[in-house]
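The paragraphs below go from a loop position to the chain as a whole.

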Amino acid sequence: HNEAKAVEEDKSKDLVKATSAWENKKLAVASASKDLEEAKAAVEESKNAISDMEKNISNKLAAIQKAKDEAVNAEETLKRLQKEYQNLCAGISSEEGEEGRTLPDQISKAYSDANSADAKAKQAQMKIEHLTKSLKSVENDMKKEESSAAKLSKKRDKTEEKVEGIKQKLSNVSFSVDEFNALENEKIDLDNSVSTLQEKVDTLSAQLEGRLSFNYSDPVRGFDRSKVKGLVARLVDVKLPKHATALEVVAGGKLYQVVVDEAVTGKALLNNGKLQRRVTIIPLDKVMPKKVSSAACEKASSMAKDLNTTAQPAIELVGFDEEVRSAIEYVFGSTLVVDGMKAANSICDTTKTR
């Protein structure tokens, strides 16, 4: 039972270590993946903003260029008409098909064309002035956009640095799919082992509990239950787990004997306690304690030291209440516990103890 409990504890520790390593790597990968996604989203946002800004600037520059072209065309038209007017004033026709018209008609037409050209020139001038204002607004917007672009560029650079840092971080994470799967399988195996050991411990505990149970009815009305001290196994505490098996062997069946204060109490229990199984009673007022002599203890200790081992009275390896000392001495007092079979045989033969 103790060996199964120890194996269960070792397996549980291994399970905790494997589970902790598995959880830590899962958290590291999840955190790095989240940071990488956020960085990618920031880079994409920066690229979209810069693309929109470049399209807006391109459209405004095209509008300005169109207005400038129209102004140039209007000025050329005005110059051409002015030249034609001057030619008309001099009686010279510069266009084909003008031969049939009189000079006044040509002059009238020239005035009309000149007025029309002048109106177009004024409209073109107004449009130029309007576009000039628009150009200034566009230039201001461009400066703002350039400033925004610079900020976005810095943000993009920082984001790229962050992405590189995340990639570096991911590369430093010692994550391996094979290792992860191995840990997962190890966790499953440990879970199964712990479950199997727990079932074994539960079975052994139930069996032990059954042997350690002592139920009785009050033999007389008003019976003082403090007179019944309990089973020897429940009255002692093993100081070191490594001595448990040896002490169990030393005590043998006496572990399950019942300690009472007096022989009268034991007789009452046997006759009227309605006991569910046969038990042996140890009355404290009648029991004869057994002890290993001081000389035997000293001799055993000396021999054990020479044999590079230890030898101790069994009673010194358990804890108990003083009121049940005589019963505990009766169970453990006459035995030495020696670490090692060969040394035990030699010491027991010399000291005449068991």
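Asn308 lies in the loop between helix H7 (294–306) and strand S5 (311–313). Helices here are DSSP runs of H or I with at least four residues, strands are runs of E with at least two, and both are numbered from the N terminus. This is a predicted model, in which local features need pLDDT of at least 70, side-chain atom pairs count only at pLDDT 80 or more, and totals for chains, interfaces and linings use all residues. Residues are numbered from 1 along each chain as its sequence is written, and side-chain values use heavy atoms, with hydrogens and water left out.

The phi angle of Asn308 is positive, near 60 degrees, in a residue other than glycine. Asn308 is also exposed, at 73% relative accessibility. Exposed means over 50% relative accessible area, buried means under 20%, and partly exposed lies in between (1.4 Å probe, protein chains only).

Another loop, between helix H6 (263–272) and strand S4 (281–283), holds Lys274. Lys274 is not a glycine, yet its phi is positive, at about 50 degrees. Its relative accessible area is 66%, so Lys274 counts as exposed.

Now take the whole chain. It contains nine helices and seven strands. Of its 354 residues, 30% are buried. Among contacts (heavy atoms within 4.5 Å) between residues at least 6 apart in sequence, 74% join residues at least 24 apart.
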